[in-house]
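Good morning, colleagues. Please take a moment to look at the sequence and the model on the screen.

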Amino acid sequence: LERSITLAELFERWQADELPKLGNCNQRALKGAYRHIKALEAKNYSSITTYQMQQTIDKCGKGYSTQAAIKALWRRLDSYAYIQDTITKKRSDDLSSASVDPTLKTPYTEDEISMLWQHTDDPTVVSILILLYTGYRVAEYLNIQRSMVDFEGMTIQYGIKTKAGKQRIIPIHSKIQALVLTRFEKGNYLCAETKAETLKYTGFHKLYMRAQQKYGMSHTIHETRHTFRTRLDNAGANVKCMDLLMGHSSGDTGQRIYTHKTLDQLRETIELLK
């Protein structure tokens with residue numbers, strides 16, 4: 001691709017080459033996002049600045065889901081343009097969008113968590129409890145393997161998505177240690193009940209929603225992570241430790257060096273969960 005290609009031309013080529021590889025829901029969201037960046041379509045793509053990209057998000061007048069879709073579209077276009085040598089630096093890496101409205105998230109209640117502990121014979125309930133006591137995103141949980149676990153120190157080192165979240169260390173809460181050990185006796189993946197089983201998001205989501213119905217609950221999978229943070233917050237946990245456990249960047253965390261002291265503090269923090 002030539003350096004003088006416009007946003008409109010780049011989008012057309014990206015739409016033909018890359019969009020069909022994505023799921024229908026994703027395709028619709030990204031196509032819809034394009035109308036919010038259309039004002040820049042006559043500009044050479046290589047001349048569009050991070051500020052101009054950010055303005056399309058900030059001025060769209062829509063909620064977090066649309067803002068997230070606009071940000072995702074810029075990132076995909078940037079990656080495509082970068083691979084095609086249209087740009088030499090991605091401008092979309094520093095974009096931000098509104099976070100999910102916290103009023104839309106409902107944490108699990110203590111009564112609901114107590115009820116889940118009564119059904120640890122149900123493999124999906126075991127998975128929900130592990131998510132509630134680790135704070136992992138479901139995409140992370142589905143990828144955790146034996147090699148990522150320190151069975152002597154009882155920690156898991158794994159994380160994705162953000163610089164702060166990658167390879168973060170999560171101490172395994174004393175209440176779920178037996179559940180975790182049982183899983184690894186049976187196979188290589190924490191999420192799987194048997195060695196032959198591998199779970200993808202779609203399959204796990206079905207099991208999760210079935211369990212919600214079975215036990216009279218109505219939580220999204222992400223609300224397990226929200227519950228983890230809320231319960232720690234309610235227990236008076238140290239903010240810096242919470243950020244380390246969640247994989248969020250903290251203003252004064254500095255380099256993410258896990259000393260013995262840090263690990264002890266993280267273990268003390270996670271054990272605040274009852």
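A word on conventions comes first. This is a predicted model, in which local features need pLDDT of at least 70 and side-chain atom pairs count only at pLDDT 80 or more, whereas totals for chains, interfaces and linings use all residues. Residues are numbered from 1 along each chain as its sequence is written, and side-chain values use heavy atoms, with hydrogens and water left out.

Let us consider the overall picture. The chain has twelve helices and three strands; these are DSSP runs numbered from the N terminus, with helices being H or I of at least four residues and strands being E of at least two. Along the principal axes, its C-alpha atoms fill a box of roughly 60 × 40 × 35 Å. The accessible surface comes to about 14600 Å², and carbon and sulfur atoms contribute 50% of that; such areas come from the Shrake-Rupley method with a 1.4 Å probe, and for residues only the protein chains shown count as cover.

How many of the 274 residues are buried, as a percentage? The figure is 43%, where buried means under 20% relative accessible area, exposed means over 50%, and partly exposed lies in between (1.4 Å probe, protein chains only). Of the contacts in the chain with a separation of 6 or more, 63% are between residues 24 or more positions apart; a contact means heavy atoms within 4.5 Å.

As for charge, the chain carries 39 positive and 30 negative charges, and their mean positions are 4 Å apart. Here Lys and Arg count as positive and Asp and Glu as negative, while His and the chain ends are not counted. Each charge is placed at NZ of Lys, CZ of Arg, CG of Asp or CD of Glu.

I now turn to the helices. In α1, residues 7-17, the buried residues are L7, L10, F11 and W14. They lie on the same side of α1 because they cover an arc of only 100 degrees around the axis, the arc being that of the directions from the helix axis to the C-beta atoms. In general, an α-helix has 3.6 residues a turn, so residues three or four places apart point the same way. On the other side of α1, E12 and A16 are exposed. The buried residues of α1 pack against α2 (24-34) and α4 (64-83).

Next, the cysteines. The structure holds zero disulfides, a disulfide being a pair of cysteine sulfur atoms within 2.5 Å. C191 is buried at 4% relative accessibility, and C241 is buried at 8%. Where does C60 lie? C60 is in the loop between α3 (50-58) and α4, and at 13% relative accessibility it counts as buried. Leaving aside residues up to four places away in sequence, C60 touches H36, Q67 and I70.

Are they buried or exposed? D85, in the loop between α4 and α5, is exposed, with a relative accessible area of 58%. M154, in the loop between β1 and β2 (155-157), is buried, with a relative accessible area of 11%.

Finally, I draw attention to two residues with a relative accessible area of 0%, T227 and Y141. T227 is in helix α10, residues 222-234. With residues up to four places away in sequence left out, T227 touches P107, Y108, I113 and L132. Y141 belongs to helix α7.
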